[in-house]
Amino acid sequence: MMTTTVKAYGATASTEELKPLDIQRRAVGADDVKIDITYCGVCHSDIHTVRNDWKGSTYPVVPGHEIIGRVTEVGEGVSRYKVGDLVGVGCMVDSCQTCSSCAQDLEQFCVNGATFTYNSPDKHLEGLQTYGGYSTAVVVDEKFVLRIPENLDEAATAPLLCAGITTWSPLRHWNVKKGDKVGVIGLGGLGHMGVKFAAALGAHVVMITTSPEKGQDAKRLGAHDVLVSKDVEAMQQHLGSFDFILNTIPVGHEMDPYLGLLKIDATMVLVGAVEPLKPFHGGSVIGGRKRIAGSLIGGIKETQEMLDFCGEHNITSDIELIDMQHINDAYERVTTNDVKYRFVIDMKSLK
């Protein structure tokens, strides 16, 4: 297959900083859309993959799965998009499209393995892997391209394609609705989107945090109350009162204090900690027939529904815009929680 060389930023080893690279993009096929990338969000998953924290990274790694851009070319079989459209690409660029999960629009759970936007075997270029949005352009099957509402700020929309759908999907799957009491644990890149979405869905939102100083910002984002989890008396007052809790803590942690907050038959969903949790007491779930569940991004159909909802309610992420050349500093700041709430790369700086 014919390829085109484009500029990118990536890492050639787990111990190295990101640096300029040239990568290959496939020629536009019949069902493909070529996108000139204007903005790309920075996700903690990018850092984990670059540093091989989850093992399995194949170098070079070009991260980035929160991609915003304009269509510059379409294949002859493309019907959904035209040149000039504002579009996005999230965490996936392909799946088998035939398994039971794909048939239910749950491509993220593809039985045969979804093709992720970076660090996955490339089904179109034998012997190569997928490269992400820290680059000037990308070619993607139209089924995995998303339409971005034109009224939204382009840069601030980028994190919706990962942080947004990661928090939207569980809120919708567990049917969070007006009047529900919803807790969001952790006010970071994921948590701040969880607060915005839950509030927009009409829930009574409680920000649950270890940091009292985050309370004012949580309320600015839409939280109605703030619960400091280190305050034993306050935690006691909220016992057994939550219909749903979205747990965005990104590391292993104690579960029992939070499980005590759930009502009978209520659910806590984990979206942050992709690592072992600390042991918890069985009675914490047995005593109220409570559930601990997990959720992974969302399918393409659900992601489009989330973007349309954001267009209707003018919801975007709170971001700090950076040049590509500052990405290594941004990585260090993400690891020390020194960002409100997501970095987004202005790709003009790479062109």
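In this report, two residues are in contact when they have heavy atoms within 4.5 Å of each other. Helices (H or I, at least four residues) and strands (E, at least two) are DSSP runs, numbered from the N terminus.

A word on the model comes next. It is predicted, so local features need pLDDT of at least 70 and side-chain atom pairs count only at pLDDT 80 or more, while totals for chains, interfaces and linings use all residues. Residues are numbered from 1 along each chain as its sequence is written, and side-chain values use heavy atoms, with hydrogens and water left out.

Let us start with helix 4, which is mostly covered: nine of its 11 residues are buried, meaning under 20% relative accessible area with a 1.4 Å probe and protein chains only. Among them are Ile165, Trp168 and Leu171. The cover over the buried residues of helix 4 includes strand 10, strand 13 (242-247), strand 14 (262-270) and strand 17 (342-346), along with helix 5 and helix 10. After helix 4 comes asparagine 175, with a positive phi near 55°.

**Two helix partners**

Two packed helices are described by the angle between their axes and the distance between the axes. Axes are lines fitted to C-alpha atoms, for helices over the stretch in contact, and angles run from 0 to 180 degrees between N-to-C directions.

| Helix pair | Angle | Axis distance |
|---|---|---|
| Helix 4 (residues 163-173) and helix 10 (residues 300-313) | about 100° | 10 Å |
| Helix 4 and helix 5 (residues 189-200) | about 50° | 8 Å |

Helix 4 is therefore oblique to helix 5, whereas helix 4 and helix 10 are roughly perpendicular; 65 to 115 degrees counts as roughly perpendicular, under 35 as roughly parallel, over 145 as roughly antiparallel and the rest as oblique.

Where helix 4 meets helix 10, Gly164, Ile165, Trp168, Ser169 and Arg172 face Glu302, Thr303, Met306 and Phe309. By class, this contact has four nonpolar, three polar and two charged residues.

On the helix 5 side, the contact is made by residues including Thr167, Trp168 and Leu171 of helix 4 and Leu190, Met193 and Phe197 of helix 5. That contact has seven nonpolar, five polar and no charged residues.

**A neighbouring strand pair**

Strand 10 (residues 181-185) runs parallel to strand 11, and the two pair over five bridges; a pair needs at least two DSSP bridges.

Notes:
Nonpolar A, V, L, I, M, F, W, Y, C, P; charged D, E, K, R; others polar. Buried < 20%, exposed > 50% of the residue type's maximum accessible area, 1.4 Å probe, protein only.
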